Structure formats: structure tokens, C-alpha cells
Amino acid sequence: MTGTAGSPMSGSTPGPVAALAAAPAVGLDELTASAGLMTRTDRKYVLGAVEARDLLAALAPAARVLEIDGARELGYASTYFDTTELAAFRQAATRRRRRFKVRTRRYVDTGACFVEVKTRAARGVTVKERLPHDDDAHLGSGRGFVADRLAAADLPDLAAEPLAPTLRTRYRRTTLLLPDARVTVDTALVWTLLDDDGAPAARAAAGDLVVVETKTGSAPSGADRLLWRAGHRPDRISKYATGLAVLRPDLPDAPWRRLRRRHLADVVPCPA
């Protein structure tokens with residue numbers, strides 16, 4: 001599977017989510033009520049387009065697909081914030097037990113925006129907390145919320161650190177509601193490195209790479225077991241940390257080196 005910085009996806013072949021065309025829809029309110037999963041176990045898998053299409057075809061009979069105003073592939077834009085020393089990135093690179101991620105997320109199709117704090121709790125459980133926000137490029141009034149959440153997660157030193165925009169991601173997401181899990185399918189992923197002033201400095205696109213993420217309680221879902229039977233195991237991929245490693249070759253990349261060799265070898269950064 002290859003990709004180039006200039007062409008996120010091929011336009012001539014139906015994408016993998018076409019396998020879900022006949023699956024019934026679910027609305028956002030019902031999805032949130034059924035599977036909000038702000039405290040959860042996340043498992044991520046990196047697939048090629050054909051592998052993803054086969055997986056979704058197998059899941060389709062039991063799946064309902066999030067639909068908003070008739071759309072099932074929804075645009076996401078996230079800006080990640082980090083310290084001057086890139087503490088969030090380095091915690092992930094050294095596999096620290098306690099780690100954090102701070103971002104703004106804008107839902108492109110609806111215009112909704114949030115500031116979000118993700119922390120890693122006991123046994124690898126991810127805790128995500130968020131607050132409505134009005135500016136996806138800056139933390140602004142959300143900085144107090146971020147500091148409070150980092151302090152509550154036993155990261156008091158980082159709560160006082162200034163955070164600056166470091167990386168921006170854009171992708172298309174399809175969300176499935178299954179009987180025992182929520183599954184997201186991300187395509188057309190593009191990373192943009194930001195300079196010290198928050199302006200675009202470099203860009204890279206992940207080609208036809210598909211990131212599938214299962215979000216469950218503590219037990220693996222049927223989707224996980226289906227992936228395992230097909231020979232897939234969870235991958236170490238973080239949209240933030242992997243993207244930064246791709247765009248900043250001077251940074252340590254040990255946790256994502258195998259992933260980069262297998263799936264991102266042909267991804268070449270270009271000027272923004």
C-alpha cells in the first residue's frame with residue numbers, strides 16, 4: 001500500500017466504505033446514547049483498501065452506520081497542541097504509562113467544535129473529556145479546562161506548561177454501531193506540520209491507508225476477533241505521533257518504525 005503527498009485517495013475506485021451502502025442508518029443522538037464510550041479500550045488497525053472493504057462487508061449485516069443530513073463519510077479536522085519540548089509526543093515515543101493528548105476537533109460537515117483532552121489511565125484505558133469550543137486553531141478559553149483535566153489525570157507539571165499548535169490532521173470518518181462496539185473507519189488522512197506561529201510548514205498524505213479503530217469496554221469485540229482471524233493485530237498508530245514522526249525525521253520513531261516501513265514507506269512530505 002502506497003501513498004504520495006499530493007493525492008490522498010484514488011478517485012476511480014469505490015472506497016472501502018461502499019461495502020456498507022445497504023446497512024441501516026443510526027442518528028447521532030442514538031449513537032451517543034448507545035455507545036458514547038468516553039472511557040474505553042481502543043484498538044487500532046491499519047489496513048489496505050481491499051482489506052478494509054472485506055472487513056466492512058463482513059460487518060455490514062450487523063452494523064448501523066452514523067448518518068448526518070444524509071452523509072455517512074464525515075470530515076474531521078483536528079489541531080494538536082504540545083509543549084515546547086513536545087512532551088505529549090515524547091511520552092508516546094517512550095511508551096510512558098501516563099500520557100496525554102490535547103487537541104481541538106472540528107466536525108467539518110456540521111461545524112461543531114470541541115477542545116478535547118485524552119489521557120491514559122490504568123490498564124491502558126483511554127479517558128477522553130471534551131468541552132464545546134469556538135476556535136479550532138487555538139486553545140484560548142479552553143486552556144483552563146485543559147489544565148484542570150491534566151491535573152486530575154496526575155499530570156500536574158504539564159497542567160502549567162504552555163501549549164502551542166503543533167500538527168493538524170484532516171480525514172474522512174465513517175462510524176459503525178455494532179451490538180458490542182463502536183467502530184470508526186478513517187480514510188484520506190492528511191497531516192500538516194505547523195511552525196512556531198501555527199502556520200503550515202509541511203504536509204504529507206497517507207494514500208489509501210485505512211485506520212480502523214474499535215472502541216469497546218474491557219473485552220474485545222466481535223470486530224476485533226474478525227480482524228484477528230484475518231491475521232491483523234492492533235497497530236501502534238497515533239494520528240498525532242505518527243504524523244509528527246513522518247514530518248519530523250529528527251524525532252524518535254521507535255514505536256511506529258515498523259508501521260512506517262510496512263504502510264508509509266512511500267509517503268513523502270512536501271512543502272505546505
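At what angle do the axes of helix 2 and helix 6 cross? The axes of helix 2 (residues 49-59) and helix 6 (residues 222-229) cross at roughly 135° and come within 11 Å. The two helices are therefore oblique to each other, and helix 2 passes helix 6 in a right-handed crossing. L55, A58 and L59 of helix 2 make the contact with A223, L226 and L227 of helix 6 (contact means heavy atoms within 4.5 Å). The residues of this contact are 6 nonpolar, no polar and no charged.

This is a predicted model, where local features need pLDDT of at least 70, side-chain atom pairs count only at pLDDT 80 or more, and totals for chains, interfaces and linings use all residues. Residues are numbered from 1 along each chain as its sequence is written, and side-chain values use heavy atoms, leaving out hydrogens and water.

Now for the largest pocket, with a volume of about 660 Å³. On a 1 Å grid over the protein atoms alone, a pocket is an open set of points where a 1.4 Å probe fits, with protein on both sides within 12 Å along at least five of seven lines; lining residues have an atom within 4 Å of a point. Of its 23 lining residues, K44, R99, R120, T126 and I237 are the closest to the centre. Strand 2 gives the most, 4 residues. The lining divides like this:

| Class | Lining residues |
|---|---|
| Nonpolar | 9 residues |
| Polar | 5 residues |

Definitions and conventions. Axes fitted to C-alpha atoms, helices over the stretch in contact; angles between N-to-C directions. Parallel < 35°, antiparallel > 145°, perpendicular 65-115°, else oblique. Left-handed = near helix turned anticlockwise from the far one by under 90°. Nonpolar A, V, L, I, M, F, W, Y, C, P; charged D, E, K, R; others polar. Points joined across faces, edges and corners; volume = space filled by probe spheres on them.
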